[in-house]
Amino acid sequence: MKWDGHTHTEFCPHGSREEVERFIIRAIELDFDTYSITEHMPLPTNFNQKAAGEREAYETASMAMSDLPYYLKETARLKEKYKGDIQIKIGFEVDYLAQFEVFTRDFLNEYGAQLDDGILSVHFLDGRDGIRSVDFSAADYETGIVEFYGGFRAAQTAYLEQIKASILADLGAFKPKRLGHISLCQKFRHAFQTETDLPDNEMSDVLELVLKSGYALDYNTAGLFKVDCCETYPPPRYIKQAKRLGIPLVYGSDSHAVSDVGRAYSVFAENLS
């Protein structure tokens, strides 16, 4: 089965704003059998009060709560319209936010029965002056996260600990069981003049917990196209480790524009063959 399990839509403020139907048509052209629509779940209404750093980083991080009814209606319409051409799964990319577990659980309990799929991701960490974005810019990451934790390696550790916390969190029956880009803390690695390889022992601990907890991983190719990353999330050596452990891996383009759909699928196919 050719499946893109991680994609976005016009409801994403930091995407291209192209209509999701165009993404679906492109997936059909590329002979995908299954296409998961996983827009960023709305952030808690009071999230901005606890966030810090570049305002754009958190104000454009997710779809608006006011767009939610139309998102569900439009994706359901397209699922029906294209059912003869491609299987469409409707869901969310859910941010794990330790301070907002109740909000997330309540949201999933309310909407989970309408969903077919989902991804659980970490885009934010506690940092300088509040909750900080992990993936907005190298400068924001340095001042908000790296300096706060005392170095790039310490920031990696903090990120991986948050990944583990997301696995263990009680978010209810509709909690996603696939983890998004578990090495997103590497997005700006080439911008730092320091040792930036992921810590093997800590990554092994994460993968063992993924296996024990019955989760799957997003084999996310977006990092290959980020100038300061140039590798998949997670990197190839941990893909190999996940394969040895028998952890399911699902290709994700993490497309925020129509041109992103299916990008580097060959890398996924070659490494899973």
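**Exercise 1: a helix pair**

Helix H1 (residues 20-29) packs against helix H3 (residues 68-81) at an angle of about 30°, and their axes lie 11 Å apart. Classify this arrangement and describe the contact.

*Solution.* The model is predicted: local features need pLDDT of at least 70, side-chain atom pairs count only at pLDDT 80 or more, and totals for chains, interfaces and linings use all residues. Residues are numbered from 1 along each chain as its sequence is written, and side-chain values use heavy atoms, with hydrogens and water left out.

Step 1. Angles under 35 degrees count as roughly parallel, so H1 is roughly parallel to H3.

Step 2. The crossing of H1 past H3 is right-handed, meaning that the near helix is turned clockwise from the far one by less than a right angle.

Step 3. On the H1 side, Val20, Glu21 and Ile24 meet Glu74, Arg77, Leu78 and Lys81 of H3; contact means heavy atoms within 4.5 Å. By class, three nonpolar, no polar and four charged residues form this contact.

**Exercise 2: the whole protein**

Determine how the radius of gyration of the protein agrees with that of a compact globule.

*Solution.* Step 1. The globule rule is 2.2 Å times the number of residues to the power 0.38, with the radius taken over C-alpha atoms.

Step 1. For 273 residues a compact globule would have a radius near 19 Å; the protein has 18 Å, which agrees.

Step 2. Along the principal axes, the C-alpha atoms fill a box of roughly 55 × 45 × 35 Å. Buried residues (under 20% relative accessible area, 1.4 Å probe, protein chains only) make up 56% of the 273 residues.

Notes
Axes fitted to C-alpha atoms, helices over the stretch in contact; angles between N-to-C directions. Helix = DSSP H or I, 4+ residues; strand = E, 2+ residues; numbered from the N terminus. Parallel < 35°, antiparallel > 145°, perpendicular 65-115°, else oblique. Nonpolar A, V, L, I, M, F, W, Y, C, P; charged D, E, K, R; others polar. Buried < 20%, exposed > 50% of the residue type's maximum accessible area, 1.4 Å probe, protein only.
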